[in-house]
Amino acid sequence: MIELDVAGLRQRLRLRPAPAASVYGDDGAPERMAAGVTPAAVLIAVIDHPREPSVLFTRRTAQLKKHSGQISFPGGRAEPGDPSLEFTALRETQEEIGLAAERVELIARLPEYFTRTGFRVTPVVGVVQPPLELVPDAREVDEVFEVPLAFLLDAGNHRRASREIGGRMAHYFEIEHNGRVIWGATAGMLVNLYRMLA
């Protein structure tokens, strides 16, 4: 298990730049990298609680056409006018959960993560000081919750799983906490973060 406060997280990420290649949880995703993919970005928001930092997640609403009901980081596809992927992550986060961009201190960019659904996702890590004053968009977000950072950075909580998706078996990472299952790209990005810090 990696136990870090926010100062330690900043230091480790500063000293260890993101590797060029991702560790993929979505088997088969790297083979699709040459085909056209849609750029997107997500925010891994680390909440700097005095006793124990945590990471912010959302659960998507059931009525969404893509990834409905799944647990994810706030974020989404890049728009043509976005000046950077960091801007994309902050813009989408503010639209989804009402977290103002000026509340987020960006500290790192993780390796791109190619998903089987055709997205090239850039995760950016940001620190947020509590208290949070969130206003989730009810059309997109059913729930906003936090998971302790130390739990997510414990390799013992990173499991491999599989299920049939679209007529083929998909293999991926998953992390379960208090009955909630974080899986697929979101869990894979957390595994990448763990491997950068280990």
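**Close-up views of aromatic rings in a predicted model**

**View 1. Arginine R160 sits over the ring of F173.** In this predicted model, R160 lies over the face of F173, with a distance of 4.6 Å to the ring centre.

View 2. Because F57 belongs to strand β2 (residues 54-60) and F145 to strand β8 (residues 141-148), the pair ties together parts that are 88 residues apart in sequence. F57 counts as buried, at 0% relative accessibility, and F145 is buried as well, with a relative accessible area of 6%.

**View 3. Rings Y172 and W183 form a tilted pair.** The ring centres of Y172 and W183 are 4.8 Å apart and their planes stand at 55 degrees, so the pair is described as tilted. Since Y172 lies in strand β10 (residues 168-177) and W183 in strand β11 (residues 180-183), this pair ties together parts that are 11 residues apart in sequence. Both Y172 and W183 are buried, which means that each has under 20% relative accessible area.

**View 4. Arginine R163 sits over the ring of W183.** W183, which is also a partner of Y172 in the tilted pair, has R163 lying over its face, at 4.0 Å from the ring centre.

Key:
Residues are numbered from 1 along each chain as its sequence is written. This is a predicted model: local features need pLDDT of at least 70, side-chain atom pairs count only at pLDDT 80 or more; totals for chains, interfaces and linings use all residues. Side-chain values use heavy atoms; hydrogens and water are left out. Helices (H or I, at least four residues) and strands (E, at least two) are DSSP runs, numbered from the N terminus. Buried means under 20% relative accessible area, exposed over 50%, partly exposed in between (1.4 Å probe, protein chains only). Rings of Phe, Tyr and Trp (its six-membered ring) pair if their centres lie within 6.5 Å; planes under 30 degrees apart count as stacked, over 60 as edge-to-face and the rest as tilted. A charge sits over a ring if NZ of Lys or CZ of Arg is within 6 Å of the ring centre and within 35 degrees of the ring normal.
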